[in-house]
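Dear colleague,

I am handing over a structure to you with this message, and below it I set out what was found in it. Please keep the structure open while you read, so that you can follow each point in turn.

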Amino acid sequence: MSMAGLLEPDVALEQVLAAVPTATSVNVPAGDCLGLVLAADATACADLPPFDRAMMDGYAVRLADAGATVELLGEIAAGDGAYQKPLPAGHAYPIMTGAPLPPGAEAVVPHEQTQRQGDHVDLPERIRPGANIVPRGGECPAGRSWAKAGAVVTPMTLAAALGVGAKHLEVHPRPRVVVIATGRELAADPRIAGQIRDTNGPMLAALFQEVGASVQRQVVGDDAEALCAVLQSLGDVEVVVLTGGVSAGTHDEVPGVLRRLGAEILFHKVAQRPGKPLLVARLGRQLLFGLPGNPLAAHLCACRYVAPALRRLAGRTSVPTRGRGALQAALPANTERTWFLPALVEQGAVLPLLPLSSADLVQPHQANAYLRLDPGSTAMAAGAEIDYTRIGVDAWAR
Ligand code: AMP
Ligand code: MG
């Protein structure tokens, strides 16, 4: 049922993913790696913990003193420097959580299991060897692998990296994207008659930042020379996303400019609505997307084609979450192209946000999912079950 000559949306997505360039891994300061994917197993540079560590507030004791009344020595608190004074038999040190154990101590007995009498304390009859102590390197000794290739760097990964003394991590590089909004109507001053604000540029930049890319933005008029110059000045960014000027209007310069620069057009036009004019091209290692200018079309194409490409580039394999829920309003029959509809999904209830046109901004702004209606599908009544695909992907999923 596809429209003659147009690519099916799933074939288009496959072609995009197959064209994603492979990136060589980089060694990056751990603090800059949030959201990136490890390209190699990471090895501990230091023992964690770095000393035998008390895990409770209580007393550092010898096992032989179980059941005895022992004399207390000076307190050891967290942060006390290497505690070199050994623990003599018949004695105990009051010790705090996080403090280093003195040599000779074999367990930490929590306060609540003891009876204090001035500068003495009664110890319980049974004390388990190593109780409430994590020995030096007990969580991870230096030289051991502590994280696997393919893992996403989460806030806790940053903490673990610091804990094991790893200053740098080997990661897939953060994808670099340039978003270029094209159109002579995109004025710096929207008070001028006929001019509008560039709403796609900031929307696309936000969307790509959300999936972990580093994004730069440009705005260019419908001017082939200027667009050529901008594209040639980009350096080695992996992905370029143009919006506007990709259809067949008099001022739609994008396809011609890409051809002039020697880009290989992978496809132009997809059997979908919105977003039929989508163009994808390759220039050397660079992947270029020509998204339509209509905001909802640009958004759908960015979610469905660009974001998965960026995630693949970053070394991720996860796909958007899918689900099924009950329609909160009827949907009309579909015509000959796959129809992607924004929707708000809340606790299994699927509210379609039927836009007036693909130029809409306000109606779809609260969408968190897209519905998909196949070509020729019949009308659906409210209450019917429907599949949805979430917009965006779990930030910490592989
Ligand atoms: P085009 O794809 O260039 O034919 O543009 C289609 C529609 O989208 C026109 O109404 C444009 O004014 C509008 N449009 C194009 N680019 C943008 C943009 N960056 N932000 C908001 N609207 C845009
Ligand atoms: Mg235009």
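Val 70 has Val 121 in β9 as its bridge partner, and this pair belongs to the contact between strand β5 (residues 69-72) and strand β9 (residues 120-122), which run antiparallel and are joined by three bridges. On β5 there is also a pairing with strand β6 (residues 91-95), here in the parallel sense and over two bridges, where Glu 71 stands opposite His 91. Strands here are DSSP runs of E with at least two residues, numbered from the N terminus, and two of them pair if DSSP finds at least two bridges between them.

Please bear in mind that this is a predicted model, in which local features need pLDDT of at least 70 and side-chain atom pairs count only at pLDDT 80 or more, while totals for chains, interfaces and linings use all residues. Residues are numbered from 1 along each chain as its sequence is written, chains are lettered from A and ligands numbered from 1 in the order in which they are written, and side-chain values use heavy atoms, with hydrogens and water left out.

Turning to ligand 1, there are 14 residues around it (each with a heavy atom within 4 Å), of which Glu 185, Asp 198, Thr 199, Gly 245 and Gly 293 come nearest. By class, this shell has four nonpolar, seven polar and three charged residues, where Asp, Glu, Lys and Arg count as charged, Ala, Val, Leu, Ile, Met, Phe, Trp, Tyr, Cys and Pro as nonpolar, and the others, Gly among them, as polar.

A nitrogen atom of ligand 1 lies 2.8 Å from a polar side-chain atom of Asp 198. On the backbone side, a polar atom of Gly 245 is 2.8 Å from an oxygen atom of the ligand, and a polar backbone atom of Asn 294 is 3.2 Å from an oxygen atom of ligand 1. Taken alone, ligand 1 exposes 490 Å², and the protein buries 76% of that (accessible areas come from the Shrake-Rupley method with a 1.4 Å probe).

Finally, some loops deserve a look. The peptide bond from Leu 48 to Pro 49 is cis, with omega near -10°, and Pro 49 lies in the loop between β2 (42-43) and β3 (53-54). Another cis peptide bond, with omega about 0°, joins Arg 273 and Pro 274, the latter being in the loop between β17 (272-273) and β18 (279-283). In the loop between β16 (264-268) and β17 you will find Lys 269, whose phi is near 90°, a positive value in a residue other than glycine.

Methods
A polar contact is a pair of N or O atoms within 3.5 Å; within protein, one must be able to donate a hydrogen and the other to accept it, and residues adjacent in sequence count only if both atoms are side-chain atoms. Helices (H or I, at least four residues) and strands (E, at least two) are DSSP runs, numbered from the N terminus.
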